[in-house]
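Let us read one structure by question and answer. Keep the sequence and the 3D view open as you go.

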Amino acid sequence: MIEQTWGIRTEKKKVIRDSEKKIYAIRDIEGDEWIVKGEKAPLWQVEQQAQFANKLIGILPVPRYKKTQDEVYAVAKDGLTWTIETRQFGREVNHLTDSMLLSMATMLGKLHAESLRQSYRFHRATSWSLFGGNATEAIGDYDENELSFLEMKTAYGQENIFEEIETQYLAHRTYLKNCWKRLPIAAVQGDFCHYNMLFDGDCVQSVFDFNLAGDERLLNECIAVAVYCCWHVESDSMFSAEERYTLFTEAYQKYRVWTKEERAVAKRLKAIIRAFRYDRVARGIENVANRHLFLEETLQILKT
């Protein structure tokens with residue numbers, strides 16, 4: 001299939017994943033290395049993702065998708081959608097230094113600035129989405145932040161302090177919802193986290209995996225990524241999580257400055273994302289013995 005479809009004559013093949021999603025590393029007869037992916041995803045969606053990634057070459061260190069003999073990027077075969085992209089090199093990391101954090105923020109700022117400048121759009125949501133209503137579990141409807149709040153309410157709604165938590169949370173949500181449509185939106189990678197990157201030293205060497213790409217309020221992805229990286233990923237930094245968050249957002253804004261509308265809502269958005277990130281809520285519910293400390297911390301986050 002590879003030679004017939006992409007015109008690549010394979011010299012060596014290595015299986016990286018052989019499950020529901022299939023990934024192979026291949027080397028062609030000219031010594032070039034490629035990644036072959038087969039996944040259960042709509043053909044049109046994967047085609048869009050590959051086109052978007054290729055548009056970012058020169059802006060970000062992203063893999064280059066190769067066109068087929070028919071001048072498309074994705075093909076359907078054996079129940080999967082297949083693509084071929086250049087193999088990226090670097091190392092995976094499970095913790096973030098301050099330099100890594102700054103490198104990620106820089107890349108995200110560049111991506112958002114370019115996507116907004118070029119008016120790139122997918123016309124579908126991302127998994128970061130807010131205000132979807134949760135009528136279904138489809139991306140765009142699914143609102144993880146609201147579901148995490150409801151899970152906490154189910155577990156601890158009877159606690160006296162929860163009434164004030166709910167009041168603060170709903171006030172932030174209402175304010176944000178009223179402003180949401182005025183915030184800049186553009187196409188994004190959708191899962192801009194260290195596990196979708198390779199590093200060379202402390203610098204991002206490669207950004208890959210565009211399978212969750214979609215349109216997002218740029219501030220929402222910026223803050224969601226910053227909160228995750230600064231509070232939920234291991235770090236050997238001497239700075240606090242709050243200080244690292246400031247480092248991240250300042251580095252980001254060297255490439256895309258927040259608008260007046262974004263600055264007006266940033267603290268509220270950060271508060272609800274921090275307080276009701278699903279993994280924080282899951283740990284707080286599991287650790288019943290320390291529920292009072294958890295709830296007090298939640299309230300303090302919402303008041304900050």
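Q: Leaving aside neighbours within four places in sequence, which residues is E216 in contact with?
A: This is a predicted model, where local features need pLDDT of at least 70, side-chain atom pairs count only at pLDDT 80 or more, and totals for chains, interfaces and linings use all residues. Residues are numbered from 1 along each chain as its sequence is written, and side-chain values use heavy atoms, with hydrogens and water left out. Contact means heavy atoms within 4.5 Å. On that rule, the partners of E216 are T126, W128, S129, W180, P184, I185, A186, V188 and E221.

Q: Is E216 buried or exposed?
A: E216 sits in strand β10 (residues 214-217). Helices (H or I, at least four residues) and strands (E, at least two) are DSSP runs, numbered from the N terminus. Buried means under 20% relative accessible area, exposed over 50%, and partly exposed in between, with a 1.4 Å probe and protein chains only. The relative accessible area of E216 is 3%, so E216 is buried.

Q: What separation do the C-alpha atoms of E216 and R124 have?
A: Along the chain, E216 and R124 are 92 residues apart.

Q: Which residues does N220 touch, not counting residues up to four places away in sequence?
A: N220 belongs to helix α6 (residues 218-231). N220 counts as buried because its relative accessibility is 2%. The residues that N220 touches are W128, S129, L130, W180, L269 and I273.

Q: What value does phi of E71 have?
A: E71 lies in the loop between α2 and β4 (75-77). E71 counts as exposed because its relative accessibility is 53%. E71 is not a glycine, although its phi is positive, at about 65 degrees.

Q: Where is D78 placed?
A: Phi of D78 is also positive, near 55 degrees, in a residue other than glycine. With a relative accessible area of 66%, D78 is exposed. Its place is the loop between β4 and β5.

Q: Which element gives the most to the lining of the largest cavity?
A: On a 1 Å grid over the protein atoms alone, a cavity is a set of points where a 1.4 Å probe fits but cannot get out, and lining residues have an atom within 4 Å of a point. The search of the whole structure finds one cavity of 30 Å³ or more. At least two lining residues come from each of β3 (33-39), α2 (43-55) and β5 (80-86). With three residues, the element that gives the most is α2.

Technical notes:
1 Å grid on protein atoms, 1.4 Å probe; cavity = no way out; pocket = protein on both sides within 12 Å on 5 of 7 lines; lining within 4 Å. Points joined across faces, edges and corners; volume = space filled by probe spheres on them.
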